[in-house]
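Student: Before we look, I would like to go through the labels attached to this structure and ask, for each one, what value stands behind it.

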Amino acid sequence: MSVHVLHQFAPPIGLADDPSSLHLALTRFGRYRLAPATPRTNWHEQLREEAHLRLLERDFIEDERDAVQELLADLPTHPRRFMEWYERLALTGPGQNDRLFPWLAEHADLQAMRWFIAQEAAGEAGFDDLVALTQIKLPAQAKLELARNYWDEMGHGNARGMHGPMLEALVRALDLDPQPHTTVWQSLALGNLMTALAMTREFAFHSVGALGVIEMTAPDRAQAVARGLTRLGIDKSSRHYFELHAVLDRKHSEHWNREAILPLVEGDPALIRPIAEGALMRLAAGARCFERYRTEFWSPKRAP
């Protein structure tokens, strides 16, 4: 079947100037190029269209890099001092301690929670696949830590323990149908960022920093969502995805920092900056989502 990637996903004129159209296009493009397929006859045309979308993706990534440069002004250059800086991001990084999550835990009604979960699910890039893509040709110690993380994501070979299907189970329990065209662009942009970093080898170390900061900052947010789901009467098996990550990601983060990031920067201090950039880019993209989500739930005058 002939697939015209760019023409199917979004009009080319003015695409880069419209974040909603841009990120809808990049989301569909990401799914297209990651999906297993068979050879197509129109591959010349597809590659031309893919090149255009790759340029748009790269412009997006460079804009995201530019946006975090001021936050790198005090970036340490010594590996151990850098790790202290990196771990402080869990407390002081963009989007941390956002008031959205206590509100989800304590006040959100079922309609609001369903909307939130739908946005999160539609923008989910698949942590297991991102880790698998990132670990390619990394130094041995970091590669092994990412492999251990991946094996946890895959349920240690047990389909019932795989993390991705756990989120899908919650989506089914809430009777949701997450689709890119019904998702706010900020959530799509978050997934597009992670996909681009993991798939582009010159951003491999950005991806290491971004994935590591997810593990480091997700537990408190996951715990708040799990509390909200419990309060709303969602059964334990359906909310297991968030309850699991509220606990397991703390262990993952400790190991990721010690076994992957620290050895990388000790082996080559030049990797400090790309790892830091990736972490800040991911946190800033998350903060942008939280701000957009809050506008959906309350006006400034009603903000708790």
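Student: Where is Arg-201 found, and why is Arg-201 called partly exposed?

Tutor: In this predicted model, Arg-201 is found in the loop between α10 (185–199) and α11. Its relative accessible area is 37%, and since buried means under 20% and exposed over 50%, Arg-201 is therefore called partly exposed.

Student: Which residues does Arg-201 touch, not counting residues up to four places away in sequence?

Tutor: Arg-201 touches Leu-133, Thr-134 and Ile-136, contact being heavy atoms within 4.5 Å.

Student: What makes the phi of Lys-137 worth a remark?

Tutor: Phi of Lys-137 is near 65°, which is a positive value in a residue other than glycine. Most residues other than glycine have a negative phi. Lys-137 is found in the loop between α7 and α8 (140–153), and its relative accessible area of 77% is set against the cut-off of over 50%, so Lys-137 is exposed.

Student: Where is Asp-175 found, and is Asp-175 buried or exposed?

Tutor: Asp-175 is found in the loop between α9 (163–173) and α10, and phi of Asp-175 is near 55°, again a positive value in a residue other than glycine. With a relative accessible area of 63%, against a cut-off of over 50%, Asp-175 is exposed.

Student: What makes the pairing of Glu-57 and Arg-54 a salt bridge?

Tutor: The N to O distance is 3.6 Å, and since the cut-off is within 4 Å, the side chains of Glu-57 and Arg-54 are therefore said to meet in a salt bridge. Being three residues apart in helix α3, Glu-57 and Arg-54 are separated by about one helical turn. Arg-54 counts as partly exposed, at 34% relative accessibility.

Student: How far apart are the closest N and O atoms of Glu-254 and Arg-258?

Tutor: They are 3.4 Å apart, and Glu-254 forms a salt bridge with Arg-258. These residues are four residues apart in helix α12 (residues 240–267), and are separated by about one helical turn.

Student: How many salt bridges are there by this rule, and which residues are linked in a network?

Tutor: The count comes to 19 salt bridges, and Arg-58, Glu-62, Arg-65, Glu-202, Arg-273 and Glu-277 are linked in a network of salt bridges.

Student: Why is Asp-128 said to have no salt bridge?

Tutor: The nearest side chain of opposite charge, Arg-31, is 13 Å away, and the rule asks for within 4 Å, so Asp-128 has no salt bridge, although Asp-128 is buried. The place of Asp-128 is in helix α7 (residues 127–134), and Asp-128 touches Tyr-150, Glu-153 and Met-154, not counting residues up to four places away in sequence.

Student: Which helix gives the most to the lining of the second largest pocket?

Tutor: That is α11, with eight residues. The second largest pocket has a volume of about 330 Å³ and is lined by 18 residues, which divide into eight nonpolar, five polar and five charged.

Methods
Residues are numbered from 1 along each chain as its sequence is written. This is a predicted model: local features need pLDDT of at least 70, side-chain atom pairs count only at pLDDT 80 or more; totals for chains, interfaces and linings use all residues. Side-chain values use heavy atoms; hydrogens and water are left out. Helices (H or I, at least four residues) and strands (E, at least two) are DSSP runs, numbered from the N terminus. Buried means under 20% relative accessible area, exposed over 50%, partly exposed in between (1.4 Å probe, protein chains only). Lys and Arg count as positive and Asp and Glu as negative; His and the chain ends are not counted. On a 1 Å grid over the protein atoms alone, a cavity is a set of points where a 1.4 Å probe fits but cannot get out, and a pocket is an open set with protein on both sides within 12 Å along at least five of seven lines; lining residues have an atom within 4 Å of a point. Grid points are joined across faces, edges and corners, and a volume is the space filled by probe spheres set on the points. Ala, Val, Leu, Ile, Met, Phe, Trp, Tyr, Cys and Pro count as nonpolar, Asp, Glu, Lys and Arg as charged, and the others, Gly among them, as polar.
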